[in-house]
Amino acid sequence: MITIRKSEDRGHFDFGWLDTYHTFSFDQYYDPAHTHWRSLRVINEDRVQPAHGFPTHSHRDMEIITYILAGALEHCASMGNVSVTRPGDVQHMSAGLGVSHSEFNPSEAEPVHLLQIWILPQSHGLPPGYEEKHFSDEERRGGLRLIASSDGRDGSVTIHQDAQVYATVLDTGQTAVHSLGENRYAWVQVARGTIRLDEVELKQGDGAAVRQESELVITAHDQAEVLLFDLA
């Protein structure tokens, strides 16, 4: 069963410096029908204007993944981490017992376009952690590249949850296939382009909750970038 979450149905706020869409309930946006999907708690699509960003704020007990689509994002955390994340980079912060951080667009001219993803951890009170890895277009092109997992296999970042996150970049007509194990669920998020998920068309910003399916076939109508979450 595939249930579509259309892009235009997401929560949306435009604060001038920040144009943001919320797939699930977040901050000022609350939709009781869309609070989370399994352990997937947040998918925010953010566009941050040049020389703006999120001032220092705190998190705890959350696995936070930042996935950059265009531009760059500077990150400073209370653990002492300072980094600039760009397309192809996957940044993971395990908030655990609590961390404070800021996120800022360091460019004076170019907006940054990103997905921020929160996944609920299996346990509370874990030690905070930080990790960043790069996955080239070549690694992601034409197939599903594992970028986050519970065991860090295949060079993915390690998250504290029984979840696997995959990314793919598909040229027109290319297909990626994913098998879902028994009692597994999925969420498919289209970061750019238009795809067909089995027989369902999804465009940029659309998501789909998947249950009781054994195989997912993603075919690109045009150049597309897609994230797939395999969830317990």
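Biologist: Which residues lie nearest the centre of the largest pocket?

Modeller: They are Leu18, Phe26, Asp27, Asn44 and Phe54, and the whole lining has 19 residues. This is a predicted model, where local features need pLDDT of at least 70, side-chain atom pairs count only at pLDDT 80 or more, and totals for chains, interfaces and linings use all residues. Residues are numbered from 1 along each chain as its sequence is written, and side-chain values use heavy atoms, with hydrogens and water left out.

Biologist: What makes a space a pocket, and what makes a residue part of a lining?

Modeller: On a 1 Å grid over the protein atoms alone, a pocket is an open set of points where a 1.4 Å probe fits, with protein on both sides within 12 Å along at least five of seven lines; a lining residue has an atom within 4 Å of a point. The 19 lining residues of the largest pocket pass that test. The volume of this pocket, the space filled by probe spheres set on the points, is about 300 Å³.

Biologist: Which strand gives the largest share of that lining?

Modeller: Strand 5 does, with four residues. Strand 3 (18-22), strand 4, strand 5 (53-59) and strand 11 each give two or more. A strand here is a DSSP run of E with at least two residues, numbered from the N terminus.

Biologist: What about the second largest pocket, and which residues lie nearest its centre?

Modeller: Ala33, His34, Trp37, Trp187 and Ala209 do, among 15 lining residues. This pocket holds about 200 Å³ of space, and strand 1 gives the largest share of its lining, three residues.

Biologist: Trp187 is also a core residue, I hear. Which residues have the most contacts inside the largest nonpolar core?

Modeller: Leu40, Ile65, Tyr67, Ile147, Trp187, Leu227 and Phe229, in a core of 25 residues. Such a core is a set of buried Ala, Val, Leu, Ile, Met, Phe, Trp, Tyr and Cys residues joined through side-chain atoms within 4.5 Å. A second, separate core of 19 residues includes Ala186, Val190, Val210 and Leu228.

Biologist: Why is Leu227 called buried?

Modeller: Buried means under 20% relative accessible area, exposed over 50%, and partly exposed in between (1.4 Å probe, protein chains only). Leu227 has 1%, so this residue is buried. Leu227 sits in strand 22. Beyond its neighbours within four places in sequence, Leu227 is in contact (heavy atoms within 4.5 Å) with residues including Tyr67, Ile147 and Trp187.

Biologist: How do you know that Glu45 and Arg47 form a salt bridge?

Modeller: The rule asks for a side-chain nitrogen of Lys or Arg within 4 Å of a carboxyl oxygen of Asp or Glu. The closest N and O atoms of Glu45 and Arg47 are 3.4 Å apart, which meets that rule. Asp61 and Arg60 pass too, at 3.6 Å, and so do Lys133 and Glu131, at 3.7 Å. The whole structure has 16 salt bridges.

Biologist: Which residues are linked in a network of salt bridges?

Modeller: Asp137, Arg140, Arg141, Asp171, Arg192 and Glu225 are.
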